[in-house]
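User: Please take a close look at one part of this model, its aromatic contacts. Then set the charged contacts beside them.

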Amino acid sequence: MVTALVTPTVFRLILPSLSSSKNNPTMCWKGRSNSLITNGNNFNFAPHRALLFKMQTKEPPEENDTEKRQKELNLNPRRLDLITDTFGGKLLHGGLVLQQKYLLRSYESDPDGKVSIEALVNRLQVLDPESTINHLKSLGLQANGFGSTPEMHRKDLVWVVYRLQIEVERLPTWADVVQVDHWFASASGKRKECDWLVRDYKTGETLIRATSLYMMMNTKTRKISLEKEVGAEMKHLVFKSDPIINKAKKKLQHLDFETADYIRTGLRPLWNDLDINYHVNHVKYISWILESAPRSILASHNLSVMTLEYRKECGWNSILQSLTKLKKDGTSHSTEDGGVEFDHLLRAEDGSEILRGRTKWLPKNSKKCSESINMVYG
């Protein structure tokens with residue numbers, strides 16, 4: 001039995017001893033609250049001094065302390081021979097294509113029961129470091145950190161997302177099983193391109209295509225780096241195939257308060273939005289740009305195309321603004337297939353750009369017709 005006796009300003013929670021003896025001590029959790037009306041005793045969440053422990057807060061480490069963070073968290077893979085089995089995937093085409101199956105969970109779905117775009121991109125981004133680790137393992141190279149090559153690890157280099165493009169034929173629903181194929185479309189000493197193909201596991205129907213461009217950054221200088229030695233390591237990992245998506249050629253537009261149609265301010269990262277380097281995970285940016293999109297469109301349309309261009313890192317203390325502009329097309333603001341297009345900008349309070357984006361949305365009752373990609377892996 002828990003006895004809670006509260007005054008308007010101070011309260012105490014008394015936990016009785018497991019023993020029936022009246023002489024055994026009790027443990028108190030004591031402090032203040034003005035929100036509870038009681039019959040006369042104290043109740044609070046601040047620790048009583050009799051508990052003899054101190055609650056301490058710790059400031060985030062320096063942003064550039066990547067290597068130290070990896071060592072603290074022991075992120076270097078220790079059993080590379082178990083990577084494929086652990087993640088339930090298999091390597092195809094001489095180890096150049098990683099194929100995995102996923103059961104979509106209820107917590108990954110949106111209000112319509114479809115997989116949310118954030119959950120989808122989270123699924124896709126997981127495959128990239130796993131593919132690199134598996135590929136390097138198959139070539140007899142030791143990978144460190146998040147799929148970095150040995151040369152990258154020695155020179156404090158990491159891959160950072162610069163551009164992401166997604167085309168959606170149909171969003172899978174909760175409890176569907178999807179099959180995801182991932183490969184490196186190109187690689188050099190400065191950049192790499194990754195492709196993903198998402199299909200219905202039962203029917204083979206193409207659901208989603210995605211491609212991403214990564215740039216190599218020095219973790220100490222925070223600048224893009226060119227390293228020919230890394231290019232020599234990565235060239236063996238490329239799977240040569242036709243482009244999975246026609247790259248967007250239109251320049252993504254700059255927006256400001258004067259040109260934007262919808263604005264959302266005061267956006268702040270939460271603790272769980274940060275990665276191990278105390279930067280905001282790039283998937284979170286998708287949620288933020290949609291914060292300023294009109295809810296009527298989110299409710300009546302499905303995402304068809306998304307193109308994102310990452311301009312700057314976002315940290316723990318950032319306060320952001322999300323801007324959205326409806327693309328004009330005559331008087332209807334709609335494209336020929338009944339869709340609606342938006343330009344997006346995510347920026348810091350000082351005006352510096354964090355991300356530019358463009359999205360296209362189709363009415364939920366529309367049927368998108370396009371050629372499927374037939375890729376057979378034996």
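Which residues do ring pairs link into a cluster?

Analyst: The cluster consists of Trp-271, Tyr-278 and Trp-316, linked by ring pairs. This is a predicted model, with local features needing pLDDT of at least 70 and side-chain atom pairs pLDDT 80 or more, while totals for chains, interfaces and linings use all residues. Residues are numbered from 1 along each chain as its sequence is written, and side-chain values use heavy atoms, without hydrogens or water.

Start with the rings. There are five aromatic pairs (ring centres of Phe, Tyr or the six-membered ring of Trp within 6.5 Å; planes under 30 degrees apart are stacked, over 60 edge-to-face, the rest tilted). Trp-271 and Trp-316 make an edge-to-face pair, with centres 5.4 Å apart and planes at 85°. Trp-271 sits in the loop between β10 (262-267) and α6 (284-291), and Trp-316 in the loop between β11 (301-310) and β12 (320-326), so their contact ties together parts 45 residues apart in sequence. Helices (H or I, at least four residues) and strands (E, at least two) are DSSP runs numbered from the N terminus. Trp-316 is partly exposed, at 32% relative accessible area (buried is under 20%, exposed over 50%, partly exposed in between; 1.4 Å probe, protein chains only).

Tyr-285 and Tyr-310 form another pair. Their planes meet at 40°, with centres 5.4 Å apart, so this pair is tilted. Tyr-285 belongs to helix α6 and Tyr-310 to strand β11, so the contact joins parts 25 residues apart in sequence. Both tyrosines, Tyr-285 and Tyr-310, are buried.

Charges also sit over rings (NZ of Lys or CZ of Arg within 6 Å of the ring centre and within 35 degrees of the ring normal). Arg-347 places its charged end over Phe-257, 4.6 Å from the ring centre. Lys-192 lies over the face of Tyr-214, at 5.0 Å.

Now the salt bridges (a Lys or Arg side-chain nitrogen within 4 Å of an Asp or Glu carboxyl oxygen). The structure holds 20. One of them joins Arg-123 to Glu-108, with the closest N and O atoms 2.8 Å apart. It links distant parts of the chain: Arg-123 is in helix α3 (117-138), and Glu-108, 15 residues away, is in the loop between β5 (97-103) and α3. Arg-123 and Glu-108 are both buried.

Glu-151 bridges to Arg-154 at 2.6 Å and to Lys-155 at 3.2 Å. Glu-151 is buried at 12% relative accessibility, whereas Arg-154 is exposed at 57% and Lys-155 partly exposed at 28%. A network of salt bridges links Glu-151, Arg-154 and Lys-155 with Glu-227 and Glu-229.
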